[in-house]
Amino acid sequence: MAKGRIRRKLLKSHLYTFCLYPGAAGKAGQSVGGPGFSRIVHCNEPQMHSQKPFKYRANDISTTKYSFLSFLPKGLYEQFNRVANLYFLGCAIASLTPLSPFSAVSMIAPLAFVVGLSMAKEALEDWRRFMQDMEVNSRKVKVHTGEGAFNKTAWQNVRVGDVVRVEKDQFFPSDLLLLSSNYEDGICYVETMNLDGETNLKAKRALEVTLDLDEDEDFKNFKGVIKCEDPNPSLYTFVGNLEYNGQVYAIDPSQILLRDSKLRNTAFVYGIVIFTGHDSKVMQNSTKSPSKRSRIERKMDYIIYVLFSVLLVISLISSFGFAVEIKYNMPEWWFMRPQQADEYYNPNEPVTSGISHMVTALMLYGYLIPISLYVSIEVVKVLQASFINQDILMYDEDTGIPAQARTSNLNEELGQVDTILSDKTGTLTCNQMDFLKCSIAGTAYGSSSSDIELAAEQQLTNDHVNKVELEAVVSSLGEKDHKSPIKGFNFEDSHLMKGNWLREPKVEDIILFFRILAVCHTAIPELNEETGTYTYEAESPDEGAFLVAAREFGFEFFQRTQSSVIVREKYTASGKPIDREYKILNVLEFTSKRKRMTVIVRDEDGQILLMCKGADSIIFDRLSKDGRLYQADTTRHLNEYGEAGLRTLALAYKKLEESEYSAWNTEFQKAKTSIGADRDIMLEKAAEMMERDLILIGATAVEDKLQKGVPKCIDKLAQAGLKLWVLTGDKMETAINIGYACSLLRQGMKQICIQANDSDSIEKIKGDILKQINNGLQTIKDEKDPYAAFAVIIDGKTLAYALEDDMKHRFLDLGVQCASVICCRVSPKQKALVTRLVKEGTGKTTLAIGDGANDVGMIQEADIGVGISGVEGMQAVMASDFSVAQFRFLERLLVVHGHWCYKRIAQMICYFFYKNIAFGLTLFYFEAFTGFSGQSVYDDWYMLFNVVLTSLPVISLGVLEQDVSSEVCLEFPAIYQQGPRNLFFDWYRILGWMGNGLLASLIIFFLNIVIFYNQAFRIGGQTADMTALGTTMFTCIIWSLNIQIALTMSHFTWIQHATIWGSIVTWYLFLAVYGALSPDISGNAYQILVEALAPAPMYWTTTLLVAITCNLPYMAHIAYQRCLEPMDHHIIQEIKYYRKDVEDQHMWNREQSKGRQKTKIGFTARVEAKIRLLQSKMHKKQ
């Protein structure tokens, strides 16, 4: 009992006897109060921070692009940053002058509609971000409000200096200094998944001087001052001190609780707020929400520039022609009254008249610039996004979360991705390990097969191995339920289960093996009162799997005291369970450098035992001569486990004499209590002295469980030609094992590990890193094996140097040439920097995907950011462009929706330019034909009809077009490469469509002129006037353009038919209704259809002739292409049309094999490598 409350007595500090905090020593020499270390926090006195110089940022956060004040100016700036909108703004202003060939309404209304709709869409999307921000800012936490009272307060109202009480499973609202916890020694456990991606718990420890502040009323008179570093993005360092009770105490990272990390296995903690809001370390690692534009949209600006150039040229020609006509011919045109001419039509000042006509021409030919294109694209993208949101195949039933397009600006970018940069924990893995196999005393146990083994075995049963069958295997594995009956245990072998190991010949070795599993760890047992079983809070998931395995084998770890662990042995010679206590003498923890963990214990008989587990290469180097009895067999088993994609550890032990241990412990305690730069070296030497002359007992093999469908998804993305980089905060060993689990690495793949050596000289370190990079590039260059695959693996410390300007491009060259890239121990800032390097260095589209706050930087930096919304924390989703519930949905998002959206938008834009050129140039031809008069051949209302109604078929193309079905997209993933290679929006295709539009405009205009010029138009012998000619030409345009878009489409629904043929029908209805209006409204178009055009056979025959002639060139081109140079989707369409996929399965399978990019990563590539290895072994035996 303590102060009337039952306290947990376990002092966890005894378990951490050999623990180093990364980076803590790096800033130890910095002086608090100097540059970069000027922050002063008055503890429990937040009112002191209400005014300068101690006024700091508020605790609310914002991930929106706009604020209420900036939306209008910033939104208008972004809209008029589009060159076409800027042009039409000028035209709208000029339409108010006498120079305009059109009415002001016809120019201003379309622009206002386009800009207003686009801004409304931006406002809606940003409002959603704002509401998600408000959800975070409105979370509650208990804050000290005075007199020892704690009240719930919204996060956004938390201030620097506040004392807060955070309870179990709550997130920390800001960066805190830990004061105390419910544990007597002030320890607490923190999950930092949102910060570094790791789910294993971190132990934090309060300063000893504040341990007594463990009741609410203790803070009634609490005062203190913290002097520390200024806000910075370094997650693993902290420099500062606490002035309390007249003493100064140093603060290190072990006392700092970071915002968005989570309190676990601890009832409550008290802390002082140090950094709030955007000053917190996690927010310092984020960047402002960028305004992203797709590559197609950026390229569209260049096309607009080309059209502007064409517009300027023909306007100059028109202006020059007009000036010539005014100077030389107007004096003879009595009907123009040259003697009364104004400044716009003055024969005496032709230059002035020509310049003024330039403005008229720029407005007249403005229909070359497609103003309706922008609004049509906005509408199409919103509808595309709604289809993504409603795709039932991207809906996660477990969480009830659908896919969400949080912005529709980047839909087409999904179809052009070249490189995916992915977080690991929570994104690729569910961080669950299953104990699968083991080797004990030279005997292999465990009959369960890993995914790799299952796939290879199924393939080797068939002599005719092909990729299609392999794909079926991978798919079936992707659908396999990843949950074993016992979480963490998927072991099958009757020799060891249910106590049958008692009948094995080497029972003593087996018992020792199981005892090492049950004792060599730092986990905490927790009793599940509902099931009566124990669960374990371990520092790593594989450690948890070992304890579950030990329990299932009959060695249940169920209690830890301050100095011992107690294991219940279920199967004994007497038949009754026995509880055995092992006194913990020392724990030498696992680190990435040591690659092993050791505990030294005293058993109930007084025997001192050293138990060690670690990487096989490390353990084997430390074996005694007599301890290598099982090394050969164990090595063979370890190789087999590695080939099967399992994570392995070797287990060893040795017995210690009392005198030997006492002598060593004296040296170890001396090293532990030393102060100075040599402390770490002394500790390492002491550990090395003890961890030698070991005896090998066996090895373990666990399978790292990926999230459901991840192997299949990565395999499909690899076959689609996508590259995958993994950026994780995990240590290198964990990252490598995950690489094996998700088939980014495989047995036989040559790993290029780049690590910085310890040196006092930065130049030496950089030189060594550059040498490693150059050696890796040379190794790849010298490789002759066509099946050889390389992977580069680099840690965060080394990456800091590799990302410097003088080295980053060499590092990028190495990464691009490797099949896999894994960056481990990287900070959120480094994730963003790597993403920027790949994006800018390759010039290709990048996609970043992650699930935590530590991924926000790279999500915002990438061309496309995808957030995983199915796990705790919404920061990644809030910063993302798209969100999905699990990584596996990325396959459909890219390969299906990405491919469709890219082709739809590309074809839609190309068709728009074709349409506008075909329409706009007829205005130029007519003006030239009529002496550059500035006269439009079309009625003003025809123009509005063109803007509105002819856009509907294009919108249906952009929303519903499918060159192939979603199933075919997944069966032929190589089709996806049409996007990254930009086959449908390169300059060749764009200029081809423009040329098609030019040809169509020539055919439409000159055929109509030739037919109508000198021929009787009506039965009474009348010739056509300008209105009849213009209406006929416009009818030909309507028919020609709609037939063209019908030929372009591959997929029809009733909607496409309604928009295409409905557009034509509506044109005739419009003519009838418009012509029936009063002549004051319809003008020269009065009864134009009913009385003039419809009764004239020439009108109908001309329409038919022009429509067919306009589309003959495109039909000839597509016939040539399909027959002689077919694209992938052309072949698939014909196979489907002739039902060859049903009637000729061999042909279908052959084409499927061709429809995959050759890859050296992914499940298929890994199984093929396994098959080649087994076939090689079989060949050698023969």
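Is Lys498 buried or exposed, and what is its relative accessible area? Lys498 is exposed, at a relative accessible area of 71%.

The model is predicted: local features need pLDDT of at least 70, side-chain atom pairs count only at pLDDT 80 or more, and totals for chains, interfaces and linings use all residues. Residues are numbered from 1 along each chain as its sequence is written, and side-chain values use heavy atoms, with hydrogens and water left out.

**View 1. Lys498 in a loop between two helices.** The loop runs between helix H10 (467-479) and helix H11 (507-519); helices are DSSP runs of H or I with at least four residues, strands are E runs of at least two, and both are numbered from the N terminus. Phi of Lys498 is positive, near 55°. Most residues other than glycine have a negative phi.

**View 2. Asp169 in a loop between two strands.**

**View 3. The largest nonpolar core, with 105 residues.** Such a core is a set of buried Ala, Val, Leu, Ile, Met, Phe, Trp, Tyr and Cys residues joined through side-chain atoms within 4.5 Å. Ile369, Ile909, Tyr938, Tyr942 and Phe985 touch the most other members. Helix H25 (residues 889-929) supplies the largest share, 18 residues.

**View 4. Contacts of Tyr938.** Leaving out residues up to four places away in sequence, Tyr938 touches residues including Phe919, Leu923, Met1033 and Ile1037 (contact: heavy atoms within 4.5 Å).

Notes:
Buried means under 20% relative accessible area, exposed over 50%, partly exposed in between (1.4 Å probe, protein chains only).
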